[in-house]
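Me: I've got the sequence and model open and would like to go through some local details. Can you take my questions one by one?

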Amino acid sequence: MRTFINVQDIGPLDKAMAEAFEIKNDRYKYQHLGKNKTLMMIFFNNSLRTRLSTQKAAMNLGMNVIVLDVNAGAWKLETERGVIMDGDKSEHLLEAIPVMGCYCDLIGVRSFAGLTDREYDYAETVLQQFIKYSGRPVFAMETATVHPLQAFADLITIEESWGRSVCCCGTVTNPTKRPKVVLTWAPHCRALPQAVPNSFAQWMNAAPDVDLVITHPEGYELDPLFVGDAVVEYDQKKAFEGADFIYAKNWSNPGVTNPSDYGKITSKDMSWTVDTEHMSWTNNGKFMHCLPVRRNLIVTDDVIESPNSLVIPEAANREISCSVVIKRMLEAL
């Protein structure tokens, strides 16, 4: 595996899930794969879970780790071609990327959407330059449009919570009915990218044993590429009815129905905040969120602190999802 961006890159999902549970049972089993190998993690944006979990996963696999925060301690990088570099940016990404590649074996990139130019963001312009010019395998640690490591961890968490497990041969044990999983928009004070909801929808659609419903105000439609066959329900209460898992996340306007709205906040409807009443509509549903979360905007204190909150197990499983991805890449070197 040379790149990891979308669910298709991981290959058969049942095998990836089996590998995840295998690694969770023995996190250091494949330490030999990373001996004398170096992972470079490049951050254009802030991070807590992604940085810690990815670094821990690489260390579990025996790797050395270099962390580069582009906004602190590095030259400011120009990402556009053809510009006259007479501003505050001292180095171009086209020189920086191959230099970075000289010092490592794998590269993880985190770069958010600018939310001003939809075409630029959805072309994954920054990430694609790393893939093209680094000469190294590259994986996404959240990009302009996707966050696959988070979505993979979310799926692991759902499988665990639902009582299913996967043996080493890929067989699902303790099968039960398909869970109803609801991805719900919630209000926020800032314009946020669509990366997390995009990947969550993509991975839930790829899972063979999940029924996905997406609910949001009209005008907030995600790109059809990610929505796939999911049911879209504009009535939040109707969407929540009988749900087993509620995944709350804000996203700014994706600009699908009106391109001029891309990246804007076109709704601040606080009735979408997930509270106890909302959760009462579910089938004793579990609450999920990728974190960090704005309390009492996205979700109320009582819901996120309830026994049905899975936000901490989700975060813990980031180490596992990343371990599978890095292992696959090391095996392909």
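Me: Is Asp223 buried or exposed?
Reply: Asp223 has a relative accessible area of 16%. Keep in mind that this is a predicted model, where local features need pLDDT of at least 70 and side-chain atom pairs count only at pLDDT 80 or more, while totals for chains, interfaces and linings use all residues. Residues are numbered from 1 along each chain as its sequence is written, and side-chain values use heavy atoms, leaving out hydrogens and water. Buried means under 20% relative accessible area, exposed over 50% and partly exposed in between (1.4 Å probe, protein chains only), so Asp223 is buried.

Me: Which side chain meets Asp223 in a salt bridge?
Reply: A salt bridge here is a side-chain nitrogen of Lys or Arg within 4 Å of a carboxyl oxygen of Asp or Glu. The one made by Asp223 is 3.1 Å, N to O, and the partner is Arg118.

Me: How many residues apart in sequence are the parts that Asp223 and Arg118 tie together?
Reply: Helices (H or I, at least four residues) and strands (E, at least two) are DSSP runs, numbered from the N terminus. The salt bridge between Asp223 and Arg118 has one end in a loop and the other in a helix: Asp223 lies between strand E11 (211-215) and helix H8 (224-227), and Arg118 is in helix H4 (residues 118-122). Arg118 is partly exposed, at 23%. So the pair ties together parts that are 105 residues apart.

Me: How many salt bridges does the structure hold?
Reply: In general, side chains of opposite charge can pair when their charged atoms come close. Going through the model for such pairs gives 14.

Me: Which helix holds Lys24, the partner of Glu160?
Reply: The side chains of Glu160 and Lys24 meet in a salt bridge of 2.7 Å, N to O. They sit 136 residues apart, with Glu160 in helix H6 and Lys24 in helix H1 (residues 13-25). Both ends are partly exposed: Glu160 has a relative accessible area of 30%, and Lys24 has 25%. The helix you want for Lys24 is H1.

Me: At roughly what angle do H6 and H12 cross?
Reply: Axes are lines fitted to C-alpha atoms, for helices over the stretch in contact, with angles running from 0 to 180 degrees between N-to-C directions. The axes of H6 (residues 148-162) and H12 (residues 311-332) come within 8 Å, and the angle is roughly 115 degrees.

Me: Where does Asp211 sit, given its salt bridge with Arg178?
Reply: The side chains of Arg178 and Asp211 meet at 2.9 Å, N to O. Arg178 is in the loop between strand E9 (172-173) and strand E10 (180-185), 33 residues away from Asp211, which is in strand E11.

Me: What is the C-alpha to C-alpha distance between Ala230 and Asp211?
Reply: Ala230 lies in the loop between H8 and strand E12 (231-232), and it is buried at 11%. Leaving aside neighbours within four places, Ala230 is in contact with Asn205, Leu212 and Ile214. Ala230 and Asp211 are 19 residues apart in sequence, and their distance in space is 7.6 Å.

Me: Which residue's backbone oxygen does the side chain of His92 reach?
Reply: His92 is in strand E5 (residues 91-92) and is buried, at 9%. Not counting residues up to four places away, the ones it touches include Glu78, Arg81 and Met85. At 2.6 Å, the side chain of His92 reaches the backbone oxygen of Glu80.

Me: What is the phi of Asn36, roughly?
Reply: Asn36 is in the loop between H1 and strand E2 (38-43), and at 65% it counts as exposed. It is not a glycine, yet its phi is positive, at about 60 degrees.

Key. A polar contact is a pair of N or O atoms within 3.5 Å; within protein, one must be able to donate a hydrogen and the other to accept it, and residues adjacent in sequence count only if both atoms are side-chain atoms. Contact means heavy atoms within 4.5 Å.
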